[in-house]
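I opened this entry to record what I looked up in the model, beginning with the overall fold and ending with a single residue.

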Amino acid sequence: MLIARSAALFALAALFEIGGAWLVWQGVREHKGWAWIGAGVIALGVYGFVATLQPDAEFGRILAAYGGVFVAGSIAWGMVADGYRPDRWDVTGALICLAGMAVIMYAPRGR
């Protein structure tokens, strides 16, 4: 159950961080304005809060592992929000990143 909670928190964090960055991108690069930028900044702040809810207490481990989720989530976001079509190397890289995340977060440790 602990792994499921952790994975759900990573997914939620990705939603807020990637979504927030996308909103800022839309506000600036696509000229959608300050409301989009402001919403993005708020979402990025919520991401920072969600990351603190992970059951592991090690900041470095959480953020390092989250990097793998961010990579895979960014590709998925691009597919859904922007019609991006990843190639096999994008998918392979994302899977490698997720495998690294799983090792960092969920490998048995002799504590």
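I began with the secondary structure and found four helices and zero strands in the protein, where helices (H or I, at least four residues) and strands (E, at least two) are DSSP runs numbered from the N terminus. Read along the sequence, this gives the pattern α-α-α-α.

Before going further I noted that this is a predicted model, in which local features need pLDDT of at least 70 and side-chain atom pairs count only at pLDDT 80 or more, while totals for chains, interfaces and linings use all residues. I also noted that residues are numbered from 1 along each chain as its sequence is written, and that side-chain values use heavy atoms, with hydrogens and water left out.

For overall dimensions, I took the box along the principal axes, which the C-alpha atoms fill at roughly 50 × 35 × 20 Å. Of the 111 residues, 29% count as buried (under 20% relative accessible area; exposed is over 50% and partly exposed in between, with a 1.4 Å probe and protein chains only).

I then looked up the UniProt record, an unreviewed entry, which places the feature "transmembrane region" at residues 33–50, 62–79 and 91–108; its positions are in the numbering used here, feature names are shortened, and annotations may be inferred rather than shown by experiment. Over residues 33–50 I read 94% helix and 0% strand, with the end C-alpha atoms 26 Å apart, and over residues 91–108 I read 89% helix and 0% strand, with the end C-alpha atoms 27 Å apart.

Next I examined how α1 packs on helix α3 (residues 59–82): the angle is about 55 degrees and the axes are 9 Å apart, the axes being lines fitted to C-alpha atoms over the stretch in contact, with angles from 0 to 180 degrees between N-to-C directions. That makes α1 oblique to α3, since angles under 35 degrees count as roughly parallel, over 145 as roughly antiparallel, 65 to 115 as roughly perpendicular and the rest as oblique. The contact (heavy atoms within 4.5 Å) includes Phe10, Ile18 and Trp22 of α1 and Tyr66, Phe70 and Trp77 of α3.

Last, I asked where His31 lies. I found His31 in the loop between α1 (2–29) and α2 (34–51), with a positive phi of about 55 degrees although it is not a glycine. I kept this in the entry because most residues other than glycine have a negative phi. His31 is exposed, with a relative accessible area of 69%.
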